[in-house]
Amino acid sequence: MRKPCLLFAGLITLGAGLPACGGGGSSGPPPETDDDFPLPLAMGRAPTPPMGWNSWNKFACSITETFVKQIADAMVASGMQDAGYQYINIDDCWSLADRDANGLLQPDPVHFPNGIAPIAAYVHDKGLKLGLYGDRGTETCGHRAGSQDHELTDAMTMAMWGVDYLKYDNCPDPGPNPGPIIEPRYETMRGALDMAEQASGQPIVFSICAWSFYEWANRLGQLQRTTTDIKNLWAPDPNSTETGSIMTSLKTNLPLAAYGGPNHWNDPDMLEVGNSIGGDPVTDVEYQSHFSLWAIAAAPLIAGNDLRNMTDATKAILTNKEIIAINQDAFGLQGVQVKQAGQQSVWAKPLNANGARAVVLLNEADAAADITVRFDEIGLRGGSATVRDLQALADKGSFNDSFTANVASHGTATLKIVGAEPPRPRSTAYLSDLTPIYAANGLGPIEHDLTNGGVDSGDGKPISIRGTAFPKGMGMSAPAAAIYRLGQKCTSFSAQVGVDDSSTGGAGTVRFQVIVDGDVLFDSQNVDGMMPAMPVTVDLTGKRRLKLLVTNADDGNALDRASWGDAKVECDP
């Protein structure tokens, strides 16, 4: 039965050529239902992006035991706990600069006279969890004691106190250092947290805050920062050297989407929603966009406002359960930008249900604009699909091939679209002829039958690996990922992989992986531009999804043009 069309207050308008109020039958064959959704929730410390609150953005060092308890009370009373928020995270300045005679961290006796353990107990009694701040160097950014050479002691201490989450910063004196230098410090703390959990039974989520993306951090922490500190700014001020606006953080995080997933979430920093007071420049419309874009990006939803004193608009944004649901979706994919036209763009991600997609339409212009999403742009077939507006909590009806919204300046339309998955592959099928249900690429789009060029579609060259040409194949720029549905009807995947000859002088180092239903069935280890094409064959019998993943081999992304020559699957007719 067709759902009714429920227009509201001029925010959503119908696309050109669409029926006046939904309507239209689907085109092509009926939807296939052999995907076996929903997928189970992953195991681990952070199977979905952590949700909570952090003290730094609003209060910096102005924190006390009483204040933290008030925030915990407010998280429950405001409805945020009911919406899924769990963590009350105390940032820098909770401790003294010196350790005690036994080398242990000392909570500031003025601000935290009873220590941390009673606060953890108070928070736990409310069904919440406690987070704490540390640093991999000798001192924190606020010049308090860092954990360098004390990692195991500090991990054991925090576990004993009942800490559930550790934000681990990068502020030694002098200044931050390159990734290869700081990696051992983070790795040491990772091991210390594991040992503390084994000894105490207390798991601690590890949030790596190294101010920049490092591939190794993605395998050490449950969260890893991809940006500098966020600021309460919508976009960069051309008259200021200030960095870290909401839009800057969003776009810095985007090329790293292939790395995001359960227990290793990309973190573009905390939310600024509700922090504009006394003429600060961010509006509620922009805060809604901020929240929707963090949600579809599978970013941790860590609020940073005063939970004790929220406007109705702030509370409504932060507690919208339907938008939160796209962030917490068990499929665990980071949404990507699938289309940009001027200052308007479409962002999308598959959800953990057959034919379901989350979509955000973003308007960065200074005037309202119509934005259209075509269903084939978000990995669905053309034809009929239903649309729900998650900001208005209203069903919009059924639409053919596309949907158009009129979006306010700096605003978003946040949608759930349910249609038909693309057809499964049949017989011998080249991946470059198929529609992936998800595609993320470090530079521009994934190319079909071309190597990855630049930011535009079709700007690559014919695929060639050490002089061997491949008329068919996929061109990627690490980090990149593509996911294809198999419908349990395929038997094998094969390809020839390598760094494309378009990477000048054999430069570039990448790592290819083939992941089938969550299991890594092929791993090339590190491949450089001087190596010949490497053959890949993987058994797909009875499998549902095929994921091709290319990473940076832990040495940055310069000239990491990765080609999957002759990539194809063998399937039932």
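View 1. C571 lies in strand 29 (residues 561-571); helices (H or I, at least four residues) and strands (E, at least two) are DSSP runs, numbered from the N terminus. C571 is buried, with a relative accessible area of 11% (buried means under 20% relative accessible area, exposed over 50%, partly exposed in between, with a 1.4 Å probe and protein chains only). Leaving aside neighbours within four places in sequence, C571 is in contact with R424, P425, R426, S427, K489, C490 and T491; contact means heavy atoms within 4.5 Å. The C-alpha atoms of C571 and G383 are separated by 25 Å. These two residues are 188 residues apart along the chain. This is a predicted model: local features need pLDDT of at least 70, side-chain atom pairs count only at pLDDT 80 or more, and totals for chains, interfaces and linings use all residues. Residues are numbered from 1 along each chain as its sequence is written, and side-chain values use heavy atoms, with hydrogens and water left out.

View 2. Seven of the seven residues of strand 10 (residues 344-350) are buried, so the strand is largely enclosed by the rest of the structure. Q344, V346, A348 and P350 cover one side, and S345, W347 and K349 the other. Strand 9 (residues 336-341) pairs with strand 10 in the antiparallel sense over five bridges; two strands pair if DSSP finds at least two bridges between them. K339 has V346 as its bridge partner in strand 10. Two residues lie between these strands in the hairpin, where G342 takes a positive phi near 65 degrees. Strand 10 also pairs with strand 11 (residues 356-363), antiparallel, over seven bridges. K349 has A358 as its bridge partner in strand 11. This hairpin has five residues between its strands, and G355 in the turn has a positive phi of about 75 degrees.

View 3. Two bridges join strand 5 (residues 205-208) to strand 6 (residues 223-225). Q224 in strand 6 is the bridge partner of I208.

**View 4. Helix 5 against helix 6.** The axes of helix 5 (residues 151-161) and helix 6 (residues 179-200) come within 8 Å and cross at roughly 40 degrees. Axes are lines fitted to C-alpha atoms, for helices over the stretch in contact, and angles run from 0 to 180 degrees between N-to-C directions. The two helices are therefore oblique to each other (angles under 35 degrees count as roughly parallel, over 145 as roughly antiparallel, 65 to 115 as roughly perpendicular and the rest as oblique).
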